[in-house]
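Welcome! Please take a moment to look over the sequence and the model, then work through the exercises below.

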Amino acid sequence: MCNILPREKQIEVLHHFVEGNTLRSTARLTGVHRTTIMNLMVDFGQKCKVFMDTQLRGLTLEHIECDEIWTFVQKKQARLTTEEKAECHDIGEVYLWTCLDQRTKLVASFLVGKRSGDNARRLMKDLASRLTFPKPHASDPHAYRASGYVYVTRLSSDAFAAYPEAIDLAFGPYAKFGTIKKDYRNAEQPGRYAPPEMVGTERRGVFGITEDEERSICTSHVERHNLTIRTLMKRFTRLSLGFSKKLENLEAACAMFLAYYNFVWRTHDVVNDRTRLPAAMAAGVVNTLWNFEDLFDRVMGGQYAIAA
């Protein structure tokens, strides 16, 4: 015999999650068993991934910043055996890859996985599929204009070596791309957790970036977004016990939080008549303000019951 959580209880449980509570603290606050909470989170997170995959299409984004944020699943990389390092992709260090629009703060695409060239290509192909590309005729000579490619967007990233190939594969000549490398002094001193001092940056245009445009290469906004992730997702909080035991749980938690961030969270930078807008509304994906109940109803599609 299964107990069924009512809609209001499911919303209460999931809302605690996206606002930064851990699994066990949510269980204490709501009185729902942690296994039921985890089953609900995984189910809702997977549906959030499908929901964003259908909603975030036909986007027009001017400048996208890409970055990766570290966490681990089950145990840290140094604890893996030689066989686990060679054969297991779902334990050890894992990264959340995010692509953040500089103006609207929309996370247009994300991926959970190892920091590898294959995942970089998967991320860029997914990002490119969500943007609006010009029709082939736009690049042909017509109306007394010379031929030339129309840039879809501009991308900035760190100096991870896999990005240039991945962006070239996904966008071809339709994107401008530059990298920024930040130099730090005393990165290991004076203490293990003390913030290092940044002493300089090196910007380099890779595709389509002129010398005059190099100053626009930036990853500060997506790095600030990493702080939001670490604050509101305990799986990314350092020096804590909030890590994931399964990669499936981490993927669902990331999808759930990013759906909440895109469609409900009021960003601090986009202001319209003194009303802070969610990133999806600023990007034109939706035209009304949502709360968490609105997101829940649209993601679940009326299927509220979850077996306990």
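This is a predicted model: local features need pLDDT of at least 70, side-chain atom pairs count only at pLDDT 80 or more; totals for chains, interfaces and linings use all residues.

**Exercise 1.** Which residues in α1 meet which residues in α2?

Residues are numbered from 1 along each chain as its sequence is written, and side-chain values use heavy atoms, with hydrogens and water left out.

*Solution.* 
- Step 1: Find the helices. α1 covers residues 7-18 and α2 covers residues 23-30; helices are DSSP runs (H or I, at least four residues) and strands are runs of E (at least two), numbered from the N terminus.
- Step 2: List the contacts, meaning heavy atoms within 4.5 Å. From α1 come Lys9, Glu12, Val13, His16 and Phe17, and from α2 come Leu23, Thr26, Leu29 and Thr30.
- Step 3: Sort these residues. The contact of α1 with α2 has 4 nonpolar, 3 polar and 2 charged residues. Here Ala, Val, Leu, Ile, Met, Phe, Trp, Tyr, Cys and Pro count as nonpolar, Asp, Glu, Lys and Arg as charged, and the others, Gly among them, as polar.

**Exercise 2.** Which residues of α2 are buried, and what covers them?

*Solution.* 
- Step 1: Apply the cut-offs for relative accessible area: buried is under 20%, exposed is over 50%, and partly exposed is in between (1.4 Å probe, protein chains only). Ser25, Thr26, Ala27 and Thr30 of α2 are buried.
- Step 2: Look at the cover, which includes α1 and α3.
- Step 3: Go past the end of α2 to Gly31, whose phi is positive, near 75 degrees.

**Exercise 3.** At what angle do α3 and α8 pack?

*Solution.* 
- Step 1: Take helix α3 (residues 34-55) and helix α8 (residues 247-263); the angle is about 55 degrees, and the axes are 7 Å apart. Axes are lines fitted to C-alpha atoms, for helices over the stretch in contact, and angles run from 0 to 180 degrees between N-to-C directions.
- Step 2: Name the arrangement. α3 and α8 are therefore oblique to each other; angles under 35 degrees count as roughly parallel, over 145 as roughly antiparallel, 65 to 115 as roughly perpendicular, and the rest as oblique.
- Step 3: Check the residues that meet. They include Met38 and Phe44 in α3 and Ala252 and Leu258 in α8. The contact of α3 with α8 divides into 14 nonpolar, 5 polar and 2 charged residues.

**Exercise 4.** Which residue meets Arg7 in a salt bridge with a distance of 3.0 Å, N to O?

*Solution.* 
- Step 1: Recall the rule: a side-chain nitrogen of Lys or Arg lies within 4 Å of a carboxyl oxygen of Asp or Glu. The structure holds 15 salt bridges.
- Step 2: The partner of Arg7 is Asp297. Asp297 lies in helix α10 (residues 292-300) and Arg7 in helix α1, so this pair ties together parts that are 290 residues apart in sequence.
- Step 3: Asp297 is partly exposed, at a relative accessible area of 25%.
- Step 4: Compare another pair, Glu213 and Arg154, whose closest N and O atoms are 3.4 Å apart. Glu213 sits in the loop between β6 (197-207) and α7 (220-232), and Arg154 in strand β4 (residues 153-157), so the pair ties together parts 59 residues apart in sequence.
- Step 5: Return to Arg7, which salt bridges with shared partners join with Glu8, Glu293 and Asp297 into one network.

**Exercise 5.** Is His225 buried or exposed?

*Solution.* 
- Step 1: Locate His225 in helix α7.
- Step 2: Its relative accessible area is 5%, so His225 is buried.
- Step 3: Leaving aside neighbours within four places in sequence, His225 is in contact with Leu100, Val107, Leu258 and Tyr261.
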